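Hi,

Here is the structure I said I would pass on. Have a look at it first, and then read my notes below.

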Amino acid sequence: MIRPLTFKVSRTPLLTEHILQRLVAALLTVYCIAQVVTIVTRIASGADLDSATGSMAMIQANHAWYMASKIANLVAAFLLLAAAVLLYQTFRPFDRALALLAASFLATAALFWLFSSLAGLAIAENLGGFSGPTATYPQLEASSQLATYQAIEPVRAIAGRVGFTAAALALAFLSVLVVLARPISHWFGWAGLVTAVAMLFIWDPEASLMHRLGGAALLAWFMGLAGRLALKGVDIPGRETEPITDDN
């Protein structure tokens, strides 16, 4: 009787605990850098004006800066999507439900920011040749560009706000996990909850300072988490925490 061939599949993870946490730290650090580049280049483009025609003129005048902001935001969104998966793997041993909720909302934020970035790139492509009200282009072409901008820009802005809200919810769930299970210092959790609340003011036009402070605090929180994961890792129950060292 011929016996069927059997193969033994190794269940040893390719990424060890220490490598996984270092990778999360690296992704979060590069994500924060990409977001800072996004903010700086966005400000340099001067595109955040109340007037549609004024914003269009600034995008054309500072086209390279505007493109750079959207590309940097696109890169940041991809990094955050990868970080969401690895953060789930890192915090799953402490509470699978909270870790999954945090990772899901973080991935949702990344996807909405991807869409927002693509919409911004579409605007930049459409306005590459726009030169403002005094342009020599036919009036029909100028009006077509304005109509395209007015159709895409609100969708881009709303997608960005939805992504920001999803990131706030992800931070809230992760912070609750930290407060209850204490995989890292519990003050990370309390600081994260305060930050998440501030971020939710993104929907209030009169409280722009609050959500901007919340966005800055989110980057600071991610950098603090990255430093903790890179240097000490998480506190596994029943095991004393030691600084992460090379496996060799």
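**What I found**

Asp-48 is exposed, as its relative accessible area is 53%. Keep in mind that this is a predicted model, so every value here is computed from it.

Asp-48 has a partner: its side chain meets that of Arg-42 in a salt bridge, at 2.4 Å from N to O.

Now the aromatic rings. The structure holds six aromatic pairs. Take Phe-105 and Phe-173: their ring centres are 5.6 Å apart and their planes sit at 20 degrees, under the 30 degrees cut-off, so this pair is stacked. It links distant parts of the chain, with Phe-105 in helix H4 (residues 96-126) and Phe-173 in helix H5 (residues 139-181), 68 residues apart. Phe-105 is partly exposed, with a relative accessible area of 26%, and Phe-173 is partly exposed too, at 25%.

Trp-187 and Phe-188 make another stacked pair, because their planes are at 20 degrees, with the centres 4.3 Å apart. Buried or exposed, what are these two? Trp-187 is exposed at 52% relative accessible area, whereas Phe-188 is buried at 7%. Both belong to a cluster that ring pairs build from Tyr-31, Trp-187, Phe-188, Trp-221 and Phe-222.

Two more residues to look up while you have the model open:

- Gln-35 is in helix H1 (residues 17-45) and counts as buried, at 11% relative accessibility. Leaving out residues up to four places away in sequence, Gln-35 touches Asn-73, Ala-76, Trp-113 and Leu-219.
- Ser-208 is in helix H7 (residues 208-231) and is partly exposed, at 26% relative accessibility. Ser-208 and Ala-198 are 10 residues apart in sequence, and their C-alpha atoms are 10.0 Å apart in space.

Cheers

Terms used
Residues numbered from 1 in each chain as written. Predicted model: local features only at pLDDT ≥ 70, side-chain atom pairs only at ≥ 80, totals over all residues. Heavy atoms only, no water. Phe/Tyr/Trp six-rings, centres within 6.5 Å; stacked < 30°, edge-to-face > 60°. Helix = DSSP H or I, 4+ residues; strand = E, 2+ residues; numbered from the N terminus. Buried < 20%, exposed > 50% of the residue type's maximum accessible area, 1.4 Å probe, protein only. Contact = heavy atoms within 4.5 Å. Salt bridge = Lys/Arg side-chain N within 4 Å of Asp/Glu carboxyl O.
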